[in-house]
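Q: Please take a close look at the aromatic ring pairs in this structure. Then place them beside the contact between the chains.

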2 protein chains.
Amino acid sequence: MEAAIFDALERIVGSEHIIVDKETLHPYECDGLSVYCSLPTCVVLPASTEEVMAIMALCSQYQITVVARGAGTGLSAGALPIEGGIVLSLARLNSILNIDIKSGLAVVQPGVRNLAISEFASDYGLYYAPDPSSQIACSIGGNVAENAGGVHCLKYGLTVHNIISLVVVTAQGARLSVGDKSADIAGFDFLALMTGSEGMLGVVTEITVRLLPIPELARVIVAGFDNVENAANAVNDIISQGIIPAGLEMMDSYAIQAAEDFAHAGYPKDAHALLLCELDGNADDVNHQLTVTQSILDKAGATSLKVSNSDAERALMWKGRKSAFPAVGRLSPDYYCMDGTIPRRQLAPVLTEIHRLSQHYNLRVANVFHAGDGNLHPLILFDANVPGELEKTEAFGAEILRICVEAGGCITGEHGVGMEKIDQMYEQFNDAELAQFLRVKAAFDTDSLLNPGKGIPTPKHCQEHTIMKRSQSKQEKGGAPNG
Amino acid sequence: MEAAIFDALERIVGSEHIIVDKETLHPYECDGLSVYCSLPTCVVLPASTEEVMAIMALCSQYQITVVARGAGTGLSAGALPIEGGIVLSLARLNSILNIDIKSGLAVVQPGVRNLAISEFASDYGLYYAPDPSSQIACSIGGNVAENAGGVHCLKYGLTVHNIISLVVVTAQGARLSVGDKSADIAGFDFLALMTGSEGMLGVVTEITVRLLPIPELARVIVAGFDNVENAANAVNDIISQGIIPAGLEMMDSYAIQAAEDFAHAGYPKDAHALLLCELDGNADDVNHQLTVTQSILDKAGATSLKVSNSDAERALMWKGRKSAFPAVGRLSPDYYCMDGTIPRRQLAPVLTEIHRLSQHYNLRVANVFHAGDGNLHPLILFDANVPGELEKTEAFGAEILRICVEAGGCITGEHGVGMEKIDQMYEQFNDAELAQFLRVKAAFDTDSLLNPGKGIPTPKHCQEHTIMKRSQSKQEKGGAPNG
């Protein structure tokens with residue numbers, strides 16, 4: 001990069017907010033999916049929308065690629081730097097700008113941590129619903145970029161359902177207002193288009209999030225089953241009774257054992273499947289639904305049932321689930337966290353098929369997932385030091401995603417496509433659809449400067465992809481707890 | 001249009017499905033906003049996605065403009081034909097293709113009437129929630145094109161919140177699948193982008209709609225007030241108590257009197273403002289919320305309160321509201337139905353300002369609107385036969401939309417922009433935003449063949465617009481009951 005460009009960047013953000021030395025650049029070389037890594041030329045840390053506008057205008061002028069980055073907890077390598085380009089860290093844009101208690105809205109900057117929003121709002125009896133497992137660390141900007149979910153998205157939706165407007169800086173450095181407080185908007189609706197677009201259409205510098213009243217009561221049921229099919233059927237039974245749990249999570253044997261050994265949450269270690277079902281709302285409704293749900297679980301063949309009687313007990317029950325990823329990490333030198341969705345009714349057959357593949361590949365799988373919305377997170381256990389095992393793991397993972405698509409589902413549930421699943425895009429979409437994605441990308445970013453090569457396969461993608469992975473094939477998969 | 005093109009169209013749909021004679025073309029010259037009208041070259045009525053693909057490929061080859069049309073009940077001239085172009089009527093694509101009771105989903109063609117979906121689903125205890133006042137006549141395809149709402153969209157959302165996927169034919173004749181049964185999707189999310197895009201990005205030929213269980217109980221409260229401010233404040237009080245009514249509608253003096261004279265719904269004719277508040281859900285919840293809501297209305301200064309005790313009574317209470325537009329139509333030779341949104345808290349000041357303008361322009365206004373979500377429908381009463389009165393009405397209408405934008409709202413609530421509000425787009429959006437809309441339009445429709453000149457102002461728009469309106473200035477405003 002020319003010295004003139006560095007000088008210009010320094011004039012925009014100040015020299016103390018540009019990282020260039022390799023040592024300090026190192027943490028930015030990957031996100032939570034560390035098998036992919038690459039060093040950027042520099043990391044620039046702006047402090048305002050105006051600074052982001054100036055940076056984008058400069059990068060547009062000099063044709064420099066830009067990868068926007070939140071907290072780096074993503075699990076699909078969406079924030080992987082691009083060689084020769086810059087990383088635009090939004091960490092300094094970390095203020096809650098405004099809260100409107102009556103309307104239940106808060107305006108926040110992208111670098112604000114997910115959990116920090118709820119902590120701040122709790123003084124007003126409000127909270128922000130989407131809760132990825134990484135919510136202590138992940139930023140709301142990253143949540144928007146990947147359309148993050150969490151255990152409560154069955155009832156409360158993904159990020160896209162909990163935000164109402166954005167301020168976006170374009171590839172050319174212009175400022176766009178996207179979305180509106182009104183339900184309907186004039187012009188084209190770019191809010192959902194931007195959400196989950198993985199930094200490829202613009203840089204989000206302000207987010208208006210919807211806050212909800214903290215429910216009067218929340219209670220969790222933990223139900224053990226002696227087979228996965230019964231648990232999967234119970235999930236459908238609950239929902240077809242018109243009950244929408246706040247969370248409806250499922251784990252199978254390896255995950256149950258690992259989580260229990262790690263968190264001592266009181267899970268039945270001999271169970272082959274476990275359901276966690278949280279009900280929330282006003283106390284009467286919750287207790288009524290609890291009775292109905294217990295009876296459904298009973299009929300579905302639950303071998304054990306346990307209900308939280310206090311918030312402390314509820315927190316402990318969730319602790320097992322929320323620490324399941326690192327807990328599973330203790331079972332094996334490495335694990336690879338997959339993320340796909342299937343129609344809820346396909347849960348049992350798809351899990352059976354994953355089990356069959358697990359035997360075929362001779363790789364263990366721990367399943368930890370959002371059963372209520374059919375979002376699977378199979379964790380494939382492997383050892384990167386065994387030659388060929390990473391490759392075998394990736395092949396297994398690709399087969400899982402193929403099964404999801406065949407079952408009428410999707411190659412992502414909440415982690416995004418990033419660099420990881422870009423080959424699977426060919427299974428999900430036809431040529432006309434992929435071409436349409438690229439035309440829309442070009443409509444926002446003519447010169448393809450914003451996170452090029454991620455999310456949507458480009459004609460020259462396959463070659464680049466292969467080269468990058470080969471040079472990295474010994475890296476560990478897995479990262480910050482998510483999902 | 002060349003004979004070769006007619007021949008090719010005939011080969012696609014059969015000669016009996018092309019309308020060319022002026023007499024038969026006449027009903028297609030406008031939609032529900034009949035001040036704008038124009039004759040197309042012909043109307044083509046395809047019967048399948050494949051036929052639509054063939055028509056679009058042909059029109060792309062010969063550069064013929066295409067305006068897709070549902071039932072023609074739209075109120076913003078979105079389906080106004082374009083001279084020299086064709087109208088693509090989707091009336092023959094009128095089948096319900098599939099219903100999945102367990103998942104609460106139905107796959108329908110665009111020509112299916114809104115109400116027909118609920119009628120069909122009622123056998124399974126399900127219904128389709130969005131209910132524009134025109135629901136007897138309007139088609140689901142038109143609902144998608146305009147992102148239609150209705151009295152129940154406060155609780156259940158607009159069209160975009162009640163559909164999960166689309167089949168879309170592009171301007172080039174390719175088939176795109178948009179959206180997915182999964183909550184998250186890979187690639188860019190085009191579902192919300194397509195919804196409300198007024199036929200400018202593609203032709204929707206299949207819609208998967210979400211069906212909801214019919215609520216166990218629904219009851220309506222009718223509350224009279226002696227001033228508009230008290231009623232507006234009551235709206236905020238109800239919602240800030242955490243109650244989300246299925247519908248929360250407001251009417252003022254002229255509308256109350258007209259509706260009562262027309263429908264004999266039992267409204268208090270001396271009231272200056274009326275609220276209709278519907279609560280639905282399980283019986284216990286509804287009755288509990290009813291008690292709370294009545295007490296809120298009491299405290300807010302309601303001068304009369306009446307609660308429905310049967311479905312027949314509830315239907316009668318709604319009949320007044322649902323027939324308010326034609327009822328108001330009897331007060332004056334013509335009326336002009338506006339559609340804008342404002343933040344709920346601005347209801348009282350905005351209504352005061354509309355009242356002031358009503359005196360300034362010396363034109364009566366009847367307000368009938370979705371108060372719960374701040375969606376205003378002021379009906380300006382005028383007489384097109386009085387020279388200058390239409391122009392005065394339009395100026396008044398433009399001021400109302402300006403007030404909406406200034407109050408932090410939007411120039412459309414559920415009727416769309418179409419041809420009607422295209423000038424107001426300049427008030428809602430800055431140059432960068434308008435340019436971005438046009439780039440996305442071009443990304444889908446490079447040659448601008450799909451409904452060009454609607455929704456998004458183009459550089460040459462102003463001139464065309466002026467010419468078209470002058471030649472039509474004696475037409476009546478108003479049309480099919482909507483909103």
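**Aromatic pairs and the chain interface**

A: Tyr124(A) has a relative accessible area of 37%, so it is partly exposed. This is a predicted model. Phe120(A) is also partly exposed, because its relative accessibility is 34%.

Next comes a pair with another geometry. Tyr127(A) and Tyr156(A) sit 6.3 Å apart, centre to centre, with planes at 85°, so they are edge-to-face. Tyr127(A) belongs to strand 7 (residues 126-127) of chain A, and Tyr156(A) to helix 6 (residues 153-156) of chain A. The pair therefore ties together parts 29 residues apart in sequence. Tyr127(A) and Tyr156(A) are both buried.

Over all chains, the structure holds 14 aromatic pairs. Ring pairs also build a cluster from Phe188(A), Phe190(A), Phe444(A), Phe429(B) and Phe437(B).

Now the interface. Here 51 residues of chain A contact 51 residues of chain B. The two chains bury about 4200 Å² between them, and 62% of that is on carbon and sulfur atoms. Two salt bridges are counted between chain A and chain B. In a salt bridge, Arg345(B) meets Asp100(A) at 2.7 Å, N to O. Ten residue pairs are in polar contact across the interface.

On the chain A side, strand 9 (175-179), helix 7 (191-194), helix 15 (425-428) and helix 16 (431-444) each give two or more residues. Helix 16 of chain A gives the largest share, nine residues. The chain A side divides into 23 nonpolar, 15 polar and 13 charged residues.

Technical notes
Residues are numbered from 1 along each chain as its sequence is written. Chains are lettered from A and ligands numbered from 1 in the order in which they are written. This is a predicted model: local features need pLDDT of at least 70, side-chain atom pairs count only at pLDDT 80 or more; totals for chains, interfaces and linings use all residues. Side-chain values use heavy atoms; hydrogens and water are left out. Contact means heavy atoms within 4.5 Å. Buried area is the accessible area (1.4 Å probe) that two parts lose on being put together, summed over both. A salt bridge is a side-chain nitrogen of Lys or Arg within 4 Å of a carboxyl oxygen of Asp or Glu. A polar contact is a pair of N or O atoms within 3.5 Å; within protein, one must be able to donate a hydrogen and the other to accept it, and residues adjacent in sequence count only if both atoms are side-chain atoms. Helices (H or I, at least four residues) and strands (E, at least two) are DSSP runs, numbered from the N terminus. Ala, Val, Leu, Ile, Met, Phe, Trp, Tyr, Cys and Pro count as nonpolar, Asp, Glu, Lys and Arg as charged, and the others, Gly among them, as polar. Rings of Phe, Tyr and Trp (its six-membered ring) pair if their centres lie within 6.5 Å; planes under 30 degrees apart count as stacked, over 60 as edge-to-face and the rest as tilted. Buried means under 20% relative accessible area, exposed over 50%, partly exposed in between (1.4 Å probe, protein chains only).
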